[in-house]
Amino acid sequence: MQSLKIESAIIIKLEKGEEVVSTLREWANAHQIRSGSFYAIGALSRALLGYFDPQARDYIKIPVENQVEVVSMLGNLAIGEDKSPILHIHAVLSSAAGHTIGGHLFEGIVNPTLEVTFFPFPEPLLRRHDPDTGLKLLSL
């Protein structure tokens, strides 16, 4: 992974084989960044998406086991109650046939690159456990 600050944004380039969520979390920790939003484009060799089922209060997992283009990836970064960084990422992925699938991104393996544009916020965002959903939701 490489990164470059340009005015109010930070460009992050993930390399082949890097895992998206853990790499971005490690980057945020290393640079002491506690909140922000981002978008990304690139490609993945595989991914694990999810669809939140409010009745079950859990995610239905959607494995993607083939090479896909990242048509759109959006997300934000906040800190949890334990002060650890929490990434909330959604992605739309496209197959070679042009079929798309999307959802919450749990995991993605980069191939060959993922280009992320990150916008840090001056104040930290906080996520707290919500007893109604079981999720860690933004606390504003």
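1. Strand 6 makes the greatest contribution to the lining of the largest pocket, with 4 residues; strands (E, at least two residues) and helices (H or I, at least four) are DSSP runs numbered from the N terminus. The model is a predicted one, in which local features need pLDDT of at least 70 and side-chain atom pairs count only at pLDDT 80 or more, whereas totals for chains, interfaces and linings use all residues. Residues are numbered from 1 along each chain as its sequence is written, and side-chain values use heavy atoms, with hydrogens and water left out.

2. At least two lining residues of the largest pocket come from each of helix 1 (20-30), strand 6 (85-94), strand 7 (100-120) and strand 9 (136-139). On a 1 Å grid over the protein atoms alone, a pocket is an open set of points with protein on both sides within 12 Å along at least five of seven lines, and lining residues have an atom within 4 Å of a point.

3. The lining of the largest pocket comprises 18 residues, and Ile86, Leu87, His104, Arg127 and Lys136 are those nearest the centre of the pocket.

4. Leu140 lies in the segment after strand 9 and is exposed, with a relative accessible area of 90%, where exposed means over 50%, buried under 20% and partly exposed in between (1.4 Å probe, protein chains only). Leu140 and Val64 are 76 residues apart in sequence and 34 Å apart in space, taken from C-alpha to C-alpha.

5. Ile11, which belongs to strand 2 (residues 9-15), counts as partly exposed because its relative accessibility is 33%.

Definitions and conventions:
1 Å grid on protein atoms, 1.4 Å probe; cavity = no way out; pocket = protein on both sides within 12 Å on 5 of 7 lines; lining within 4 Å.
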